[in-house]
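Q: Please take a close look at the salt bridges of this structure and at the helix packing beside them. A connected account would be welcome.

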Amino acid sequence: MTETEIVEALCERRNEGQIAAVRRYAGCVFAMIARQVPNVMDAQELTQDAFLRAFSRIDSYDPNKASFNTWLCRIAYRLTLDFLKRRRPLMVSIEDSQVWQTDISDEQLEQELSTGREERIAKLEELMDELPDDERMLLTLYYYEDRPLAEIAYITGINAKALANRLFRIRKRLHGKLKMKEE
């Protein structure tokens, strides 16, 4: 079935639409959630919840705003953040420290963070785990899932320009923390 046919079947409350949607999109939705929620059972439950919510609210889907996949990921994104807020202790943002406030261009920052020694990558992933949930989700959507800013903007509800600035600030803070850890 095409995406349009899946959506039509879902709107008509036909089971084959639900089956096709789950077959086509469950892997993508689960992967996005599993990067944030380490417990596989919780990630599976959140994936199911995302599909159930999408199926029950299919009438609110607007194909002119986003693809069905992006709309579904928006639902999963919000469910995951809600879940993480309930489960995770309050964390102080590393933005509160002065470590990240260095003058560095976006290109230099990108090159520094993507330089690939295995040890450095492990440290960077460790630092990412310390980020607030919403910031970690942004990095996941942008780097791990390689989604364009416009799509992430729709999923998160954040303006694309503000999103680009936020991603830059997050990378800059990670760079500062990484430098401190390496010294």
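A: The account below begins with the model itself and then turns to the charged pairs and the helices.

This is a predicted model, in which local features need pLDDT of at least 70 and side-chain atom pairs count only at pLDDT 80 or more, while totals for chains, interfaces and linings use all residues. Residues are numbered from 1 along each chain as its sequence is written, and side-chain values use heavy atoms, with hydrogens and water left out.

The chain has a mean pLDDT of 82, and 81% of its residues reach 70 or more; pLDDT is the predictor's confidence in each residue, from 0 to 100. Among the elements of the chain, the highest mean pLDDT, 95, belongs to helix α3 (residues 40-56), and the lowest, 53, to helix α5 (residues 106-114). Over residues 90-102 the pLDDT is below 50, and this stretch has 17 contacts in the model beyond near neighbours in sequence. A contact means heavy atoms within 4.5 Å. Helices (H or I, at least four residues) and strands (E, at least two) are DSSP runs, numbered from the N terminus.

Nine salt bridges are found in a search of the whole structure, each being a side-chain nitrogen of Lys or Arg within 4 Å of a carboxyl oxygen of Asp or Glu. Side chains of opposite charge can pair when their charged atoms come close.

One of these pairs is Arg35 with Glu145, whose closest N and O atoms are 3.2 Å apart. Arg35 is partly exposed at a relative accessible area of 36%, whereas Glu145 is buried at 17%; buried means under 20% relative accessible area, exposed over 50%, and partly exposed in between (1.4 Å probe, protein chains only).

Arg147 pairs with Glu151 in another salt bridge, with the closest N and O atoms 2.3 Å apart. Here Arg147 is buried, at 7% relative accessibility, and Glu151 is partly exposed, at 22%. Arg35, Glu145, Arg147 and Glu151 are linked in a network of salt bridges.

Within helix α7, Arg136 and Asp133 stand three residues apart, about one turn of the helix, and form a salt bridge whose closest N and O atoms are 3.3 Å apart. Arg136 is buried, with a relative accessible area of 4%, and Asp133 is buried as well, with 11%.

Ile170 belongs to helix α9 (residues 160-182) and is buried, at 0% relative accessibility. Leaving aside residues up to four places away in sequence, Ile170 touches Leu131, Glu135, Leu138 and Leu139. Between Ile170 and Glu135 the C-alpha to C-alpha distance is 7.2 Å, although 35 residues separate them in sequence.

Helix α9 also packs with α8, at an angle of about 100 degrees and with the axes 9 Å apart. The axes are lines fitted to C-alpha atoms, for helices over the stretch in contact, and angles run from 0 to 180 degrees between N-to-C directions. That angle makes α8 roughly perpendicular to α9, on a scale where under 35 degrees counts as roughly parallel, over 145 as roughly antiparallel, 65 to 115 as roughly perpendicular and the rest as oblique. Leu149, Ile152, Ala153 and Thr156 of α8 make the contact with Ala160, Leu163, Ala164 and Leu167 of α9. By class, the contact of α8 with α9 has seven nonpolar residues, one polar and no charged; Ala, Val, Leu, Ile, Met, Phe, Trp, Tyr, Cys and Pro count as nonpolar, Asp, Glu, Lys and Arg as charged, and the others, Gly among them, as polar.
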